[in-house]
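The sequence and structure come before the text.

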Amino acid sequence: MSRRDWLPDFLARLAAEHLLARAADEALLAPALRLVLDPEDWGAAAKVAAHIGLRHAGVWADASEGAGVPASFAANLVAGVAADLDGEHDPQRIAVYACLEHLGGYLVLETAVPLERPVLPSQTPHYPGLDRLERHCHDLTGVVFQGHPDPRRWTRHQAWEEDAFPLRTDFPTAGRSGGRVPADADYPFLTVQGSGVYEIPVGPVHAGIIEPGHFRFQAMGEEVLRLEERLGYVHKGIEKIAEGRDPEGLARLAARVCGDSTVAHTWAACQAMERATACAAPPRADWLRALMAERERVANHLGDIGAICNDVGFSFAHMQCARLRELWQRRSRELFGHRLMMDAICPGGVAADLSADASALLQADHMALRAAAIPLFDVIDDHPSLNDRLITTGHLSTAQARNLGCTGSVGKASGLAFDVRRDCPYPPYDMLEVVVPQESDGDVAARVRVRMTEIQESLILMDRLIRTLPTGKIRVPLRPAPPGAVGLGLVDGWRGEIMTFVRFDTDGGIARFFPRDPSWFTWPALEQLIMGNIVPDFPVCNKSVNGSYSGEDL
Amino acid sequence: MDHYLTLPGWGIAFVQSFLYIALAPLLVGWVRKVKARLQNRRGAPLLQAYRDLYKLLAKEVRVAHTASPLFRAAPYIVFTATWMAAATVPLLVVDLPTAAIADIIVLVGLLALARVFLALAGMDVGTAFGGMGASREMMIGALAEPAMLMAVFTLTMTAHSTNLSSVIDQHLADGFMLRPSYLFALGGLVLVAIAETGRIPVDNPTTHLELTMIHEAMLLEYSGRHLAMMEWAAQIKLLLYGTLIANVFLPWGIGRGVSAAALGLGLAAVLAKLAVLGVALAVGETVLAKMRIFRAPAFLNLALLLSLLGLLSHVILEVGA
């Protein structure tokens with residue numbers, strides 16, 4: 001069965017609803033297909049998509065110069081034809097994109113709204129996971145999503161004026177405000193009324209060395225009635241400072257979207273740029289990228305498993321995992337130059353080659369990790385005291401996970417075995433067999449089991465990658481980007497699917513960069529899975545989801 | 001009983017009560033060290049707990065604007081009450097004037113006093129965490145105290161006295177005898193001790209997660225010497241329970257009378273017993289995860305049940321035997 005078997009059905013249903021959808025140049029956002037919609041059909045199209053069960057992989061807007069070029073011209077642009085597009089006469093527009101996925105086939109919906117009146121029907125009523133993405137989009141570009149259930153601002157705390165939108169061309173990259181930013185003290189949290197109901201504010205500064213985020217609990221006794229998250233405290237303006245960068249600079253920036261997913265985010269950004277410039281990395285580079293991505297997955301899963309155990313007071317497992325992870329990261333530093341392998345991937349390839357004797361070293365490492373981790377995982381999996389805490393805790397049903405569009409270990413633990421590496425493979429995974437763990441329990445224990453299985457599968461993959469490592473170049477120079485070239489990067493990071501959109505400007509610099517971390521969909525999952533649990537179980541639920549603050553705050 | 005109230009007796013009592021203060025961080029350091037070893041870590045030095053206290057004592061005290069005088073007074077009250085309670089538990093020698101003037105029920109009362117002030121201090125500043133910790137602490141306390149009293153009554157029924165010195169004297173006089181009632185009471189007291197001293201599986205003394213804390217949640221607003229007093233009091237409490245278990249159920253080695261030899265032997269014996277108990281605690285904390293908070297009542301009900309069984313088995317099996 002092909003990955004796009006559902007597309008004719010979707011198009012037929014759109015037609016039945018009298019929604020005007022034009023298929024646009026396919027190659028532009030490969031592997032995704034493109035469909036250009038009228039702005040007024042934006043919400044209705046989402047309704048149709050939700051009805052046939054497509055997963056929403058994110059929405060973003062492009063308000064930079066030259067955005068929203070009509071589809072008919074876009075093809076000419078890519079072909080390098082100097083199309084006569086005079087920005088002076090063309091009213092400036094904001095292009096809005098939405099990415100859908102089903103059975104490994106991707107589809108990007110596009111539309112454009114005039115800058116003077118950027119109004120678009122919201123897709124959130126049909127896709128609850130989009131709630132914060134649309135609010136983020138509004139905060140940064142000013143697109144008003146009509147019918148959005150939540151009018152509160154999300155990413156903008158108080159750092160810029162209420163009517164200013166940083167991603168528009170009239171906003172300086174350095175920002176306007178100087179000095180202290182007022183506290184975002186009057187965010188209206190939803191409260192629960194009733195006798196015996198009380199509120200617990202937690203954060204944004206936490207006791208451990210973690211990132212800032214505010215959690216507002218409504219609790220009765222020890223039971224959580226409602227949890228609301230408030231993020232955005234580490235908004236760094238990634239999307240704005242990406243503008244005008246060269247590909248090298250963008251890769252470095254992407255590496256800093258989220259430190260623990262630095263390999264996956266850099267890969268996604270580089271993949272997007274390489275697709276935009278029709279330039280493929282040499283096979284050896286692909287293999288090395290995959291090796292690093294799997295190393296990142298193993299390191300983070302080890303850390304997560306240990307942290308989950310530590311949160312229920314089982315520090316033995318925490319210490320063992322910390323030890324294994326530390327040895328692992330030291331090896332990464334030795335062979336790839338950085339503990340987290342930051343900046344090891346660059347446009348067109350990888351920054352440094354693996355030495356000849358590294359293969360033996362790595363294979364010995366994999367054996368050692370297996371020897372240490374498998375007995376440890378047996379202990380964790382079959383420890384009555386741990387099971388008592390982890391089983392049934394923080395349950396996320398398959399329906400909830402699907403509704404929000406969760407990927408990664410959260411989705412896999414709730415019965416959604418989607419993995420970009422298997423379902424929409426990119427080199428080198430198209431040459432490898434990726435086994436994706438799937439659990440149906442949806443509790444913390446299931447999320448731990450998914451991580452334990454993924455570590456073992458990653459070890460198998462890495463052994464195979466080392467054995468089949470091609471020789472040859474590790475890097476090719478990126479071709480100059482055609483003006484307005486766009487590309488979509490789709491990579492499976494250890495948290496789940498990372499989708500990165502890149503558009504070049506007319507000088508070969510970056511006009512728009514949007515990295516969509518999987519945390520956009522797992523943070524709301526945390527709000528749902530904590531309901532009915534007790535307050536002291538929140539840390540372990542939170543750790544089992546492990547959303548990225550930085551990746552969502554951008 | 002009057003023979004305890006001699007000048008040398010008071011001298012020993014004085015020395016012993018300061019020994020409690022001096023040794024308490026050592027026991028905590030020992031437990032941490034053994035735990036670290038069990039986790040394949042090297043761990044902090046044995047004396048790290050002393051250094052931490054010294055550091056805290058030297059630090060500036062920051063008090064929240066909303067704090068009442070009670071907040072400032074509580075650390076001293078908690079420390080003193082715990083210390084007074086510890087002074088009534090024979091550490092080196094049996095014959096203690098403090099044990100003569102304050103029996104086990106006073107001990108339980110002093111610990112309850114410390115708990116009340118700890119909980120009040122937790123709520124004083126008005127943060128959510130302090131209030132949560134206080135509410136959880138009171139829940140644990142309300143369940144632990146009856147179990148503790150039951151266990152204590154089992155002991156006192158054998159000795160026909162609520163005086164700890166008399167209980168130990170009686171036990172020593174009887175020689176080694178396997179009393180079912182003592183075994184049950186020991187079980188009950190161990191569970192109570194784990195809950196009362198905030199150890200795994202009831203509470204986690206090393207956690208940084210505010211939402212899961214019991215004891216630590218009430219201390220979150222404390223700093224400097226206030227925090228040092230609170231931490232120290234918790235360490236003394238651990239030593240108190242350790243000594244209570246070691247010297248009441250296994251009193252052999254404890255000094256009788258006031259002589260250098262008796263004191264030396266008593267010190268060596270109690271250190272050895274506490275070291276073994278510390279290892280047992282560390283092993284327990286390593287193999288167990290923390291319970292859900294709603295399991296704590298079941299845990300303490302078990303303690304109460306064991307203590308009650310001790311009491312019953314004393315009445316059924318031992319009275320008149």
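Helix α5 (residues 104-124) of chain B packs against helix α6 (residues 128-159) of chain B at an angle of about 175°, and their axes are 9 Å apart. Because of this angle, α5(B) is roughly antiparallel to α6(B). Angles under 35 degrees count as roughly parallel, over 145 as roughly antiparallel, 65 to 115 as roughly perpendicular and the rest as oblique. Axes are lines fitted to C-alpha atoms, for helices over the stretch in contact, and angles run from 0 to 180 degrees between N-to-C directions. Helices (H or I, at least four residues) and strands (E, at least two) are DSSP runs, numbered from the N terminus.

This is a predicted model, in which local features need pLDDT of at least 70 and side-chain atom pairs count only at pLDDT 80 or more, while totals for chains, interfaces and linings use all residues. Residues are numbered from 1 along each chain as its sequence is written, and chains are lettered from A and ligands numbered from 1 in the order in which they are written.

On the α5(B) side, the residues that meet α6(B) include I104(B), V108(B), A112(B) and R115(B). Among their counterparts in α6(B) are G130(B), G131(B), E137(B) and M148(B). Two residues are in contact if their C-beta atoms, placed from the backbone, lie within 7 Å.

Between the chains, 20 residues of chain B are in contact with 21 residues of chain A. Ala, Val, Leu, Ile, Met, Phe, Trp, Tyr, Cys and Pro count as nonpolar, Asp, Glu, Lys and Arg as charged, and the others, Gly among them, as polar.

| Contact residues | Classes |
|---|---|
| α5(B) with α6(B) | 11 nonpolar, six polar, three charged residues |
| Side of chain B that touches chain A | nine nonpolar, seven polar, four charged residues |
| Side of domain 1 of chain A that touches domain 2 of chain A | five nonpolar, three polar, one charged residues |

Chain A is divided into domain 1 (6-146) and domain 2 (281-477), with bounds from an automatic or database domain assignment. Their C-alpha centres lie 33 Å apart. Nine residues of domain 1 of chain A are in contact with five of domain 2 of chain A, and β3(A) gives the most to the domain 1 side, with three residues.

In chain A, five strands form an open sheet with mixed pairing, in the order β1-β2-β5-β4-β3. Two strands pair if DSSP finds at least two bridges between them. β3(A) pairs with strand β4 (residues 93-102) of chain A in the antiparallel sense over six bridges; V59(A) stands opposite A98(A) in β4(A).
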